[in-house]
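Here are a few friendly notes to go with the structure you have open. They cover helix packing, a pocket and some backbone details.

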Amino acid sequence: MASREVIVLVGGTSSLAKALVDRYLAKKNIARIIITARSKEKFDSLYSSYSSEDIEFYELDVLNLIDIEKLVSSVKKYERKVVFHYLAAVKHIGSRDVENLFKVNFLSSVYFYDILLKTMDSFDFILIGSQGDIHGAYNTSSYNASKAAISNYFEPIALRNQGKQKVCIIKPWLFQSKMIKSSRLINAMTCSPEYIAKVAINKIQQGKSLIYIPVFTYKLIELLSFINKKLLYAILFKFLKQ
């Protein structure tokens, strides 16, 4: 039987983070779940019904590099394999605060990984990418660009033989979250965060490095991008305009 792992959710107050927590707890083979966020208030509003024996809060701002170093040092005390999920993300409209967006969505993840390499002999570093890394968007191209940066930087690392220091990128299709505006059409096209969490954890445990959820949507976008990018954008602007 595999040893019980410590799970760290960086930016753990999203709908996907909560779905991951529920999925991990259901498996009953987790030593501890650490949920980081800037706000204890958000943590309490989402996890007030959970036992402190299962989860704990850790105050962290991914823009504060010292915070990241302290977090990594603190989890070493468990002397177990640690699985880090980097979920921190912001999604601004238009070009507003692009610098901050790239720091949160991409640059801090690079620094985080560098600290892990220097500090821990064994870890899994799981990043949330996006199937939008292939293309821009009607009004969130900066967000898509930050996810493309994650793919371009971390894919070569994820696909090589990594030994005990592993990287994995999850690329979900649109899923229901506070970043996605609700409408009848959008709701019909999106996946639930519970479905994303279920598939992601299963694929991670199978040792997959690049995880597309679902696969066919990513391959369809890749194909359209290759055949006719103008057609791809026409479709995206028609169905995904918010």
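1. At what angle do the axes of helix α1 and helix α7 cross, and within what distance do they come? Please keep in mind that this is a predicted model. The axes of α1 (residues 15-27) and α7 (residues 193-205) cross at roughly 55 degrees and come within 8 Å. That makes α1 oblique to α7, and the crossing is right-handed. On the α1 side, the contact is made by Ser15, Leu16, Ala19, Leu20, Arg23, Tyr24 and Lys27. From α7 come Pro193, Glu194, Ile196, Ala197, Lys198, Ile201, Asn202 and Gln205. If you sort the α1 and α7 contact by class, you get eight nonpolar, three polar and four charged residues.

2. Next, have a look at the second largest pocket, with a volume of about 370 Å³. The lining has 24 residues, and the closest to the pocket centre are Lys81, Asp124, Lys166, Ile204 and Gln205. Gln205 also takes part in the contact of α7 with α1. Which elements give two or more residues to the lining of this second largest pocket? They are β5 (123-128), β6 (165-172) and α7.

3. Helix α3 (residues 65-75) packs on helix α4 (residues 98-119) at an angle of about 35 degrees, with the axes 10 Å apart. The crossing of α3 and α4 is right-handed. Leu65, Ile68, Glu69, Leu71 and Val72 of α3 make the contact with Ser108, Tyr111, Phe112, Ile115, Leu116 and Thr119 of α4. By class, the contact of α3 with α4 holds eight nonpolar residues, two polar ones and one charged.

4. Helix α4 also packs against helix α5 (residues 141-159): their axes cross at roughly 15 degrees and come within 9 Å. That makes α4 roughly parallel to α5, since angles under 35 degrees count as roughly parallel. The crossing of α4 and α5 is right-handed. In α4, the residues involved are Val98, Leu101, Phe102, Asn105, Phe106, Ser109, Val110 and Tyr113. They meet Ser142, Tyr143, Ala145, Ser146, Ala149, Ile150, Tyr153, Phe154 and Ile157 in α5. How many residues of each class are in the contact of α4 with α5? There are 13 nonpolar and four polar residues, and no charged ones.

5. Two backbone details deserve a glance. Most residues other than glycine have a negative phi, and most peptide bonds are trans. Lys28 is not a glycine, yet has a positive phi of about 60 degrees. You will find Lys28 in the loop between α1 and β2 (30-37). The peptide bond from Ile213 to Pro214 is cis, with omega near -15 degrees. Pro214 sits in the loop between β7 (210-213) and α8 (215-227).

Terms used:
Residues numbered from 1 in each chain as written. Predicted model: local features only at pLDDT ≥ 70, side-chain atom pairs only at ≥ 80, totals over all residues. Heavy atoms only, no water. Axes fitted to C-alpha atoms, helices over the stretch in contact; angles between N-to-C directions. Helix = DSSP H or I, 4+ residues; strand = E, 2+ residues; numbered from the N terminus. Parallel < 35°, antiparallel > 145°, perpendicular 65-115°, else oblique. Left-handed = near helix turned anticlockwise from the far one by under 90°. Contact = heavy atoms within 4.5 Å. Nonpolar A, V, L, I, M, F, W, Y, C, P; charged D, E, K, R; others polar. 1 Å grid on protein atoms, 1.4 Å probe; cavity = no way out; pocket = protein on both sides within 12 Å on 5 of 7 lines; lining within 4 Å. Points joined across faces, edges and corners; volume = space filled by probe spheres on them.
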